[in-house]
Amino acid sequence: MNQVAAIALNTFRETIRDRVLTVIVLFALVMIVAGLWLGSISLEQQGRMMKDFGLVAVTAFGVIVAAFIAATLVRKEVEKRTVFVLFSKPVSRAAFVVGKFLGLAATLAVVVGGMGLFLFVVTLLVGGGASGMVLVATALIYLQVLTVVAVVVFFSTVTSAILASMLGLGVFVAGQLSHNVLSLSRVGAGALTEAVSWVVFVVIPNFNAVDVKAAAVGEMTVDWGGVALWAGYLVAYMVVALATASFVMRRKEF
Amino acid sequence: MSSNSPDAQHLVRLSGVTKTVHVGLRRRPVAILRGVDLAVEHGDVFGLIGPNGAGKTTTVKVLLGLMAPSGGSVALGLDGLGAVGYLPENPYFYDYLSGREFLSFCARLFGLGAGERKTRADALLRDVGLEAAADVHLRNYSKGMLQRIGIARALINDPELVLLDEPMTGLDPIGRLEVKRIIQRLHDEGRTVLFNSHILADVEELCTRIAVMKGGRIVWSGTVAEALTDSPEGLEAFFMRVVGDEPAGAVGDGQPEIVAGETPS
């Protein structure tokens, strides 16, 4: 456990000090502030536009940071041979995978949490009243981002950094749409199509089910029971992705 | 890896170690190690020399468990990896950590407490002459400084066996001198050092025993004095005589050999 904590702390320090991350976060904050301008040209909709645009920015930049930093961090350890530093010591491959994930989770808590808090404060000051739902939506965006990290960590144990990032982004996009696959399969499709759709629905994480951005801008009500259930599914998904990554790492030679 | 002691005299013993990897879509078997027999005594400074592709780095990786041998046996007279220190070739560490943070991180992996981590890191930074740069990020270190922080890292767990892969490569004369002094001090402290190098003058100066690798095998091993008795002109002449000067591409010139139809064990 001490080794996992050491690797997680090391990963957090390494990523949080990376200038690329600073540039991405600054750009995200600029995008959130740009929502002010969009709001100003939307008649009577300033608060709604700001929250909507801001939450999309938090999601997009959170996922970009997750996909690219997670992939480069794990691959870089292998390609630049820092992994020798770890595995020539009594450090298990599972401790490496879990430590990396937790370190990135801490970094993303700062990044996504910081952006969400910034959006909350901006809407509080100039957006015509803040809503606690902005913070709840941010927490659920964080859960989606963490799932992308787990998926990218897995892919980066089997392929190159750039391909792992692309696959991670692909899974995120597919996860926004996976519920549609199930809906479409029910429209006059055969049993085989429906079975395949179910497999796709289970294998691709259903991010749409925990997306409450629309509720944060007051456009819908939320089935919290359903959100809790799907949030549990995403946690289980992460555990399976990390366990598989650990298994692959254990079989790797360097 | 076996943790049983090979015998009272030896700290490391490899017997008939083979390593075959499979490359390409057709999974062609390529033999990297073809029966390595190696014995390192307690307190030796042991030099493993050979041309590029001879299998030196692979031998070290097999010793460390970074690669599993396809055959043969590996015996370390130590209590697992906790008593081994390792410096990889061309080490890259974490750009955004300071030297002190990096050593503290490595110490924590060995389970050292906070107080002990600080004491040990400070002592090693002093020993390798990096006290003044202790809080500088590693991306600002020169190659020589990185090599020295790498050696400090290899010593963080107070190891009995220190494995150094090409520790002098790419260093300027001052950097080489500093690394040589560190290796000499490790020897004086009674530690066992095994290092790979292409710089034969350093091997001649530092080592008590050497082994010459070629084509995945040890083709000669003995003391430096024996080698110099054989070739009074120096270790370079001895090396050329043992390894031969066949042009690159000739069979047994140090390149890994493709094993047609061989199934690794």
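Q: How many residues does helix 3 of chain A have, and what span does helix 3 reach from its first C-alpha to its last?
A: Welcome to this predicted model! Helix 3 of chain A runs over residues 46-79, which is 34 residues. At 1.5 Å a residue, 50 Å is expected. The span from first C-alpha to last is close to that, at 48 Å.

Q: Is helix 3 of chain A largely enclosed or largely open, and how many of its residues are buried?
A: A residue counts as buried if 20 or more other C-beta atoms lie within 10 Å of its own. Helix 3 of chain A is largely enclosed by the rest of the structure, because the buried residues among its 34 number 24.

Q: Which helix supplies the largest share of the side of chain A that touches chain B?
A: Let's look at where the chains meet: 21 residues of chain A are in contact with 23 residues of chain B. On the chain A side, at least two residues come from each of helix 1 (2-16) and helix 4 (82-87). The largest share is six residues, and these belong to helix 1 of chain A.

Q: Which element of chain B gives the largest share of the side of domain 1 that touches domain 2?
A: The domain assignment divides chain B into domain 1 (1-78 + 161-265) and domain 2 (83-159). Their contact takes 18 residues from domain 1 and 18 residues from domain 2. Helix 1 (56-64), strand 6 (161-165) and helix 5 (173-188) of chain B each supply at least two residues of the domain 1 side. The largest share, five residues, comes from strand 6 of chain B.

Methods
Residues are numbered from 1 along each chain as its sequence is written. Chains are lettered from A and ligands numbered from 1 in the order in which they are written. This is a predicted model: local features need pLDDT of at least 70, side-chain atom pairs count only at pLDDT 80 or more; totals for chains, interfaces and linings use all residues. Two residues are in contact if their C-beta atoms, placed from the backbone, lie within 7 Å. Helices (H or I, at least four residues) and strands (E, at least two) are DSSP runs, numbered from the N terminus. The expected span of a helix is 1.5 Å times one less than its number of residues. A residue is buried if 20 or more other C-beta atoms lie within 10 Å of its own, exposed if 12 or fewer, and partly exposed in between; C-beta atoms are placed from the backbone. Domain bounds come from an automatic or database domain assignment.
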